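Biologist: I'd like to zoom in on one part of this protein. Can you walk me through it slowly, starting with the whole molecule?

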Amino acid sequence: MERKIEMSAFRERLRLMTPMNNLMMSAMFDSNRNLTEELLKAILKFDLEVVRVESLRTLPGVMLGKSPQLDVLARLNDGSYVNIEVQITDEGADPRRLRYYKARLDSRQLMTGDDYSFLQ
């Protein structure tokens, strides 16, 4: 059954969306290498090249661990990954959350026999 959406309500919801909204952010950044690259350059203040972008990517969980959903995961030209987490408020912005996400990304990059200097 097709659901009808009142156009005025739809337009109002769309008008209120900003890049901080997950749906809008996903539409803007997913597979948009150039936009993501410019954003990272502006925030991080160094030259980089983004190779691939995936928005709202869920990292598979470990046996008993959480499966974080990354707002934007980008792979740089040196093979490292950056995770862009968008926060509208300070709620949920615990530094330990960032540490956990970074650890999950690092654990996926380091292979058996790799030197730890590979981690950033």
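What does the accessible surface of the protein come to, and what share of it belongs to carbon and sulfur atoms? After that, please take me to strand S2 (residues 69-76): how many of its 8 residues are buried?

Modeller: The accessible surface comes to about 9,100 Å², and 56% of that belongs to carbon and sulfur atoms. Accessible areas here come from the Shrake-Rupley method with a 1.4 Å probe, and for residues only the protein chains shown count as cover.

Some ground rules before we go in. This is a predicted model, so local features need pLDDT of at least 70 and side-chain atom pairs count only at pLDDT 80 or more, while totals for chains, interfaces and linings use all residues. Residues are numbered from 1 along each chain as its sequence is written, and side-chain values use heavy atoms, with hydrogens and water left out.

The protein has 4 helices and 3 strands, and along the sequence they follow the pattern α-α-α-β-β-β-α. Both kinds of element are DSSP runs numbered from the N terminus, helices being H or I with at least four residues and strands being E with at least two. Of the 120 residues, 22% count as buried; buried means under 20% relative accessible area, exposed means over 50%, and partly exposed is in between, with a 1.4 Å probe and protein chains only.

Now to your strand. S2 is mostly covered, with 6 of its 8 residues buried. The 3 strands form an open sheet in the order S1-S2-S3, with antiparallel pairing. S1 and S3 are the edge strands, each pairing on one side only. From one strand to the next, the twist averages 25°. Two strands count as a pair if DSSP finds at least two bridges between them. As a reminder, strands of a sheet pair through backbone hydrogen bonds, either parallel or antiparallel.

Take the S1 side. Strand S1 (residues 50-58) is joined to S2 by 7 bridges. On that side, Val 50 stands opposite Leu 76, and Arg 52 stands opposite Arg 75.

On the S3 side, 4 bridges join S2 to strand S3 (residues 81-84). Val 72 has Ile 84 as its bridge partner there. The hairpin of S2 and S3 has 4 residues between the strands, and Gly 79 takes a positive phi near 90° in it.

Leaving aside neighbours within four places in sequence, Val 72 is in contact with Met 25, Phe 29, Thr 36, Val 53, Glu 54, Ser 55, Val 82, Asn 83 and Ile 84. Contact means heavy atoms within 4.5 Å.

Next, the helices around your strand. H2 lies across S1 and S2, running at about 155° to S1. Helix H3 (residues 33-44) lies across S1, S2 and S3, at about 95° to S1. For those angles, axes are lines fitted to C-alpha atoms, for helices over the stretch in contact, and values run from 0 to 180 degrees between N-to-C directions.

Then there's helix H4 (residues 95-109), where Tyr 101, Arg 104, Leu 105, Asp 106 and Gln 109 are buried. S2 and S3 are included in what covers them.

Finally, for contrast, look at two loop residues. Ser 31 lies in the loop between H2 and H3, and has a positive phi of about 65° although it is not a glycine. Ser 31 counts as exposed because its relative accessibility is 60%. Asp 47, in the loop between H3 and S1, is also exposed, at 67%.
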